[in-house]
Amino acid sequence: MRAEATAVAAPPVARAAAGGLASGAPPSWGTGSDVGDQAHRSFDLDLDVFDGPFDLLVTLILKDEIDIWEVRVSRIIADYVLRLADSGEFDLDATSQFVVLVAALLEMKSRLLLEEEVEEALEDLDPDEAAEHLLERLVRYSQFKNAAGALRRRWDEHSARLYRSAPVPPALLCRPVPAGALPAPALAAALAPLLRDPPVPDTSHLADLAVSLVKELRRLRLILGDEGGFTFAAVSSGDLLERAVTFFALLELHSGGEAVLRQKRHFGDIVVTRATRPPQAVVAV
Amino acid sequence: MHALARRLEALLFISSRPLAPPEMAAACGCPTAEVDEALAVLRVEYAAERHGVTLRDVAGGVTFAVADDCAEDVRRLTGAERPDDLTPALLETLAVVAYLQPVTRAETAEVRGVSSEWALGALEERGLVEQLGRADTPGAPILYGTGVRFLRLFGLRSLEELPPLEEFSLQAVEVDEIRARLLANAERRRA
């Protein structure tokens with residue numbers, strides 16, 4: 001039963017190993033020599049115990065050639081995050097594989113922490129020993145169960161009791177301020193900064209959105225009317241946010257029955273054509 | 001009445017929490033022994049059924065409490081409600097925390113044989129259990145213990161007033177009975 005639990009709890013390591021990690025290069029990860037657009041996929045590390053690409057490090061750990069205790073996983077993560085920030089690109093596939101591998105390393109490390117306790121667990125006890133062990137636990141548990149009974153009796157007797165609990169009347173807590181202790185100018189000086197308006201925060205780094213959904217809908221409807229169709233790539237701009245607005249406008253056209261959307265493959269370009277039947281109701285946005 | 005007793009009465013009247021004798025001694029500027037003496041006079045004065053309030057020793061000090069037979073009137077006036085009842089699981093968890101504190105969630109679960117996460121959360125929400133800090137072990141788990149509210153609600157002066165845990169041990173006969181049953185089970189498993 002324990003072996004089963006371990007297998008269930010350790011899919012990342014198992015999967016990574018099964019995917020060919022242990023025998024060399026990880027699946028779909030560029031190796032150190034693979035440069036160009038793959039350059040950021042396997043990034044190089046410069047650690048105390050290891051100097052080279054990350055996937056090689058994982059391989060060596062899996063082969064027990066490097067002790068995982070010697071590896072600071074936090075350092076690897078920090079390096080990777082820096083790398084991501086520098087490259088300015090975000091490769092979802094590579095990053096999720098990185099997360100899986102790092103999670104596997106962390107899991108291996110945390111398992112090592114618990115190893116001693118696991119060894120002592122109730123594995124392969126003979127039935128008599130198991131019975132004695134269980135008895136010990138039952139005896140200990142009964143103490144607390146009985147103690148809970150005693151607490152119950154005290155609770156029934158005392159919990160509803162009303163103790164003196166009112167707060168001290170504020171008037172009794174007020175102590176007169178000694179005259180002259182706080183001169184008026186000091187008070188004014190303390191109050192002044194609180195009355196001043198705070199500086200207006202600098203929002204220059206926030207770009208105003210150049211398009212609105214309404215404008216974008218109007219533009220797409222015009223193109224659709226004039227040309228009968230278009231592709232998403234042709235009408236969308238380079239800005240990520242504006243592309244999102246264009247996309248929402250497309251969805252709006254589609255749900256209103258004004259346009260038909262087609263996409264040959266995942267993440268491929270979207271071909272938009274005018275719907276053959278007239279829209280039943282144009283959604284006003 | 002005893003002059004010091006009157007002054008203590010005033011302190012107890014105004015304080016919204018139990019006062020320990022040394023605290024009262026400091027306020028009145030007299031030795032604690034004299035406070036104890038005067039408290040004895042007050043206890044006689046406030047003995048059962050003489051007044052609508054009584055003196056009680058709870059949570060490390062002395063405090064006024066409403067006499068039991070007047071409690072319902074006070075409830076009607078103030079709208080104060082009885083605390084919600086505790087389920088057996090909550091009481092059991094509370095017993096483990098009260099006796100083993102400071103105790104971690106894992107240790108509580110170990111004794112009870114079931115996860116105690118929910119129970120500890122519920123007890124904490126009701127102010128019966130408090131976080132005392134973190135254990136100096138791997139993972140730095142939270143340490144739980146009981147607080148003043150626990151003492152008040154269970155009418156305890158201090159944790160020392162809890163009966164020793166040994167008092168709740170199973171009788172030897174009961175232990176033997178369980179052992180026989182378990183061994184019989186083990187025998188069946190072997191066969």
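I began with the contact between two helices, H6(A) and H9(B): A:Pro127, A:Asp128, A:Ala130, A:Ala131, A:Leu134, A:Leu135, A:Leu138 and A:Val139 in H6(A) meet B:Val175, B:Ile178, B:Arg179, B:Leu182, B:Leu183, B:Asn185, B:Ala186, B:Arg189 and B:Arg190 in H9(B). Contact requires C-beta atoms, placed from the backbone, within 7 Å. I sorted this contact by class and found 12 nonpolar, 1 polar and 4 charged residues (Ala, Val, Leu, Ile, Met, Phe, Trp, Tyr, Cys and Pro count as nonpolar, Asp, Glu, Lys and Arg as charged, and the others, Gly among them, as polar).

I note that the model is predicted: local features need pLDDT of at least 70 and side-chain atom pairs pLDDT 80 or more, while totals for chains, interfaces and linings use all residues. Residues are numbered from 1 along each chain as its sequence is written, with chains lettered from A and ligands numbered from 1 in the order in which they are written.

I then looked up the geometry. The axes of H6 (residues 127-158) of chain A and H9 (residues 172-190) of chain B come within 9 Å and cross at roughly 150°. H6(A) is therefore roughly antiparallel to H9(B) (angles over 145 degrees). Their crossing is right-handed (the near helix is turned clockwise from the far one by less than a right angle).

I turned next to chain B. The axes of H5 (residues 88-100) and H6 (residues 105-112) of chain B come within 10 Å and cross at roughly 120°.

Notes
Axes are lines fitted to C-alpha atoms, for helices over the stretch in contact, and angles run from 0 to 180 degrees between N-to-C directions. Helices (H or I, at least four residues) and strands (E, at least two) are DSSP runs, numbered from the N terminus. Angles under 35 degrees count as roughly parallel, over 145 as roughly antiparallel, 65 to 115 as roughly perpendicular and the rest as oblique.
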